[in-house]
Amino acid sequence: MGIFIRTLIVTILFCLGYFAWVYFSKEAFSPELQITGDAKNVVVQDEAPEETPEAENKMKEIKIAFLTDENTIEYVSRKAKNKTLYNALGLLLKGPTEEEKAHGIFTEIPADTRLISVKKDEADNSIIINLTQEFGEGGGTQSIQARLDQIVRTVNANAGHIPVYLYLDGKKAQYLGGEGIYIEQPINR
């Protein structure tokens, strides 16, 4: 009986470690897209820039699309060291601040949605946004359409005219939600 209990404990610890690794591996490094000048000129940034006192003073403004109580989209400006689509989507997924919530700004994107990667596809000069499956789960038709609108508007404000495709857990998204809302790709036509 003692061997059984020890084996059970080791198995449980192994499983917990594996699930923690899978969960946190979604936060792994992926190249960020640096938007520079012309919206058609996208550079992949493989390394984090060095932090200097001058860099802190040169914070860039990023536009994020949230919803309002009047059922409209409102852009909120946020500051970041680099104006990248990766940073913009990361800020969008964090949701509105408490002050913004007090002013009637909210998000329909589920809180457990994570940004897996933002990558440039050199073959057809497009960008692939890869989110976790939670983005397309829960809520009705209006909720799904609102969260898709938030992503599209944030992408349009930060990526220019480069075609952007939405993937969920590594698979090209065709339908979202239980009701199966069709997604026209690229999402920023």
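A charge is taken to sit over a ring if NZ of Lys or CZ of Arg is within 6 Å of the ring centre and within 35 degrees of the ring normal. I looked for this arrangement and found the charged end of K63 over the ring of Y75, 5.9 Å from its centre.

**Basis of the entries.** I note that this is a predicted model, in which local features need pLDDT of at least 70 and side-chain atom pairs count only at pLDDT 80 or more, while totals for chains, interfaces and linings use all residues. Residues are numbered from 1 along each chain as its sequence is written, and side-chain values use heavy atoms, with hydrogens and water left out.

**Chain overview.** I recorded five helices and eleven strands in the chain; these are DSSP runs numbered from the N terminus, helices being H or I of at least four residues and strands E of at least two. Of the 189 residues, 38% are buried (buried means under 20% relative accessible area, exposed over 50%, partly exposed in between, with a 1.4 Å probe and protein chains only). I then turned to contacts, meaning heavy atoms within 4.5 Å. Among contacts with a separation of 6 or more, 57% join residues 24 or more positions apart.

**Three-stranded sheet.** I traced an open, antiparallel sheet of three strands in the order β4-β3-β5, two strands being paired if DSSP finds at least two bridges between them. Strands β4 (73-80) and β5 (105-106) stand at the edges with a single partner strand each, so one side of each has no neighbour in the sheet. I found eight bridges in the antiparallel pairing of β3 (residues 60-68) with β4, and within β4 the bridge partner of I64 is V76.

I next checked which helices lie across these strands. Helix α3 (residues 85-94) lies across β3 and β4 at about 35 degrees to β3. Helix α5 (residues 141-159) lies across β3, β4 and β5, at about 160 degrees to β3. For these angles, axes are lines fitted to C-alpha atoms, for helices over the stretch in contact, and the angles run from 0 to 180 degrees between N-to-C directions.

**Four-stranded sheet.** I traced another open sheet, of four strands with mixed pairing, in the order β6-β7-β8-β9. Its edge strands are β6 (115-121) and β9 (171-172), each of which pairs on one side only. Helix α3 packs on this sheet, touching β6 and β7, and its direction makes about 155 degrees with that of β6.

I examined the pairings in turn. Strands β6 and β7 run antiparallel and are joined by six bridges; L115 has L131 in β7 as its bridge partner. Their hairpin has four residues between the strands, and there N125 takes a positive phi near 50 degrees. Strand β7 (residues 126-131) pairs with β8 (residues 164-168) in the parallel sense over five bridges, and I129 stands opposite L166 in β8.

**Loop residue G139.** I located G139 in the loop between β7 and α5. Is G139 buried or exposed? I found G139 exposed, with a relative accessible area of 58%. Apart from neighbours within four places in sequence, G139 is in contact with I144 and R147. The C-alpha atoms of G139 and G178 are separated by 8.3 Å, with the two residues 39 apart along the chain.
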